Amino acid sequence: MLQTPSGGAGHGIAAADSGLMSIGTVLNALRDEFPEVTISKIRFLESEGLIEPQRTPSGYRKFSPGDVERLGHVLRMQRDHYLPLKVIREYLDAMERGEAVPLPTVGRQRDGEPVLEPEGPTAVRIGRSELLAAAGIGEEELEEWQSYGLVVPLPDGAYDAETVTVAALVAELGRFGIEPRHLRVMKAAAEREADLVDQVVAPLKRHRNPQTRALAEARSKELSGLTVKLHAALVRVALGVRQP
């Protein structure tokens, strides 16, 4: 069994029985730890070779408990270590072959490519074409999303890797008739929540001690996770929806 890079293996994600699962069941299993994961994101990870679910004769995906566990590792390594998908795939493949390999981290960029380093990571960037492929959208849709501030390119025209998640969610909501202009209120709420978290950790960020600044980053991650869970819970309460 693969060893989880951050924490214990599985985190309760792997299914209890040995039966195959639909993509909707997998989504529900993952959302407790990864509330922002979507069906589009799972399909994208499959297209990138991170998982290989079985297919029924009619073409439906069927996931084994091992597939779900591997998905959890991939999402955790993206969230906690900022690793690009190619590096994650190579690392997990090596682990499954029984090779004892150290967990890589991503540092500065050189000639547009991430450089693997033993020190702490910085945010991974993705190109415009990669973002379009991940979200399954065209240039016109991306331009519209950018006009509403839902997707914001970096100064050099690239995108933060987390933008893939944002784009996948915007696309998923669009299938229900929720247009980008409707999501501006969510963008504004997220920015207010981010400001609140930043106020809490700002004194730690300004500290001269590198360990204290590292604590600020860890605290930001923890608080962002809590705010996401609270937001989701408040929406469910407002709608009278029980979590499955």
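Helix 2 and helix 3 are roughly perpendicular to each other, a label given to angles of 65 to 115 degrees. Their angle is about 100°, and the axes lie 12 Å apart. Axes here are lines fitted to C-alpha atoms, for helices over the stretch in contact, and angles run from 0 to 180 degrees between N-to-C directions. Helices (H or I, at least four residues) and strands (E, at least two) are DSSP runs, numbered from the N terminus.

Which residues meet? From helix 2 there are Lys41, Ile42 and Leu45; from helix 3, Leu71, Val74, Leu75 and Gln78. Contact means heavy atoms within 4.5 Å.

A word on the source. This is a predicted model, where local features need pLDDT of at least 70 and side-chain atom pairs 80 or more, while totals for chains, interfaces and linings use all residues. Residues are numbered from 1 along each chain as its sequence is written, and side-chain values use heavy atoms, leaving out hydrogens and water.

Now the whole protein. It has nine helices and six strands. Of its 244 residues, 34% are buried, meaning under 20% relative accessible area, with exposed over 50% and partly exposed in between (1.4 Å probe, protein chains only). Among contacts between residues at least 6 apart in sequence, 52% join residues at least 24 apart.

Last, Val235. This residue sits in helix 9, residues 210-239. Val235 is partly exposed, at a relative accessible area of 37%.

Note on methods: Parallel < 35°, antiparallel > 145°, perpendicular 65-115°, else oblique.
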